Amino acid sequence: MQKIKQLWGSFVQKHPKLSQWVREGGLFFLVSNLITVFKYLILTFLPMAFAFMGSRDFGFPGTDVTLFGIEFKWYIIGYSAEQGGLAYFTAYMVAMVIGEVVNFLIQRKWVFRSNGNIWFQGGWYALAFCIVTCVVNSINCVWISVAGNFVDGWLYNIGTTILNGGVSMVVFFLVNKVVFTDKKAIPGDAP
């Protein structure tokens, strides 16, 4: 372990900016994947808690689409009754919001070591979350409609979570690099 620390310390001294990207990128990837698993677990079980809402259509714009012979409604935000409707959308949003709040706090303090204005940073993070959610949801409602005809729910929930997590990871890493710019620690420091 000491040899690894020495190699890392040498790398940090020779390449401080690159070592910062490697450290932040590696930790970001690890944390994001753990949060993705967390969101998957929530999304697997939470829809049952919202079953009382019923599976009626909920969302915008609700355009009728046929893909691979499967008819469904396409939404930028929301889901049709066949996709779980209001109950699934509510569970999905609760899972995503909980996951992103935890992710924001961990990424801010532990990965990017930021001590900036949390309200400013949180506002930009929330804006990115809204944009990513609309983009991902517009793709996800197609995925759920099509995959739901070919695979079990637990399997398409994995796809849903990976899609959301993958797109979110790329976008949020770039957002975080811009928003969390007030690092106080030396780039190669251990967490």
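**Ground rules.** I'm working with a predicted model, where local features need pLDDT of at least 70, side-chain atom pairs count only at pLDDT 80 or more, and totals for chains, interfaces and linings use all residues. Residues are numbered from 1 along each chain as its sequence is written, and side-chain values use heavy atoms, with hydrogens and water left out.

**Cysteines.** I looked for disulfides (a pair of cysteine sulfur atoms within 2.5 Å) and the structure holds zero. Cys 130 is in no disulfide, and its nearest cysteine sulfur belongs to Cys 134, 6.9 Å away.

Next I checked accessibility: buried means under 20% relative accessible area, exposed means over 50%, and partly exposed is in between, using a 1.4 Å probe and protein chains only. Cys 130 comes out partly exposed at 44%. Cys 134 is also partly exposed, at 29%.

**Aromatic pairs.** Rings of Phe, Tyr and Trp (its six-membered ring) pair if their centres lie within 6.5 Å; planes under 30 degrees apart are stacked, over 60 edge-to-face, and the rest tilted. My search of the whole structure turned up 13 aromatic pairs.

I picked out Tyr 79 and Phe 89, whose centres are 6.2 Å apart; the planes meet at 55°, so I wrote this pair down as tilted. Helices (H or I, at least four residues) and strands (E, at least two) are DSSP runs, numbered from the N terminus. Tyr 79 is in strand E2 (residues 70–79) and Phe 89 is in helix H3 (residues 85–111), so this pair links distant parts of the chain, ten residues apart.

Then I turned to Phe 112 and Phe 173, a tilted pair with 6.0 Å from centre to centre and 50° between the planes. Phe 112 is in the loop between H3 and helix H4 (118–147), while Phe 173 is in helix H5 (residues 153–179), 61 residues apart. I found Phe 112 buried at 0% and Phe 173 buried at 12%.

**Cluster.** Ring pairs link Phe 112 and Phe 173 into a cluster with Trp 21, Phe 28, Phe 104, Tyr 125, Phe 172 and Phe 180.

**Last entry.** I also checked for a charge over a ring (NZ of Lys or CZ of Arg within 6 Å of the ring centre and within 35 degrees of the ring normal). The charged end of Lys 177 sits over the ring of Trp 21, 4.3 Å from the ring's centre.
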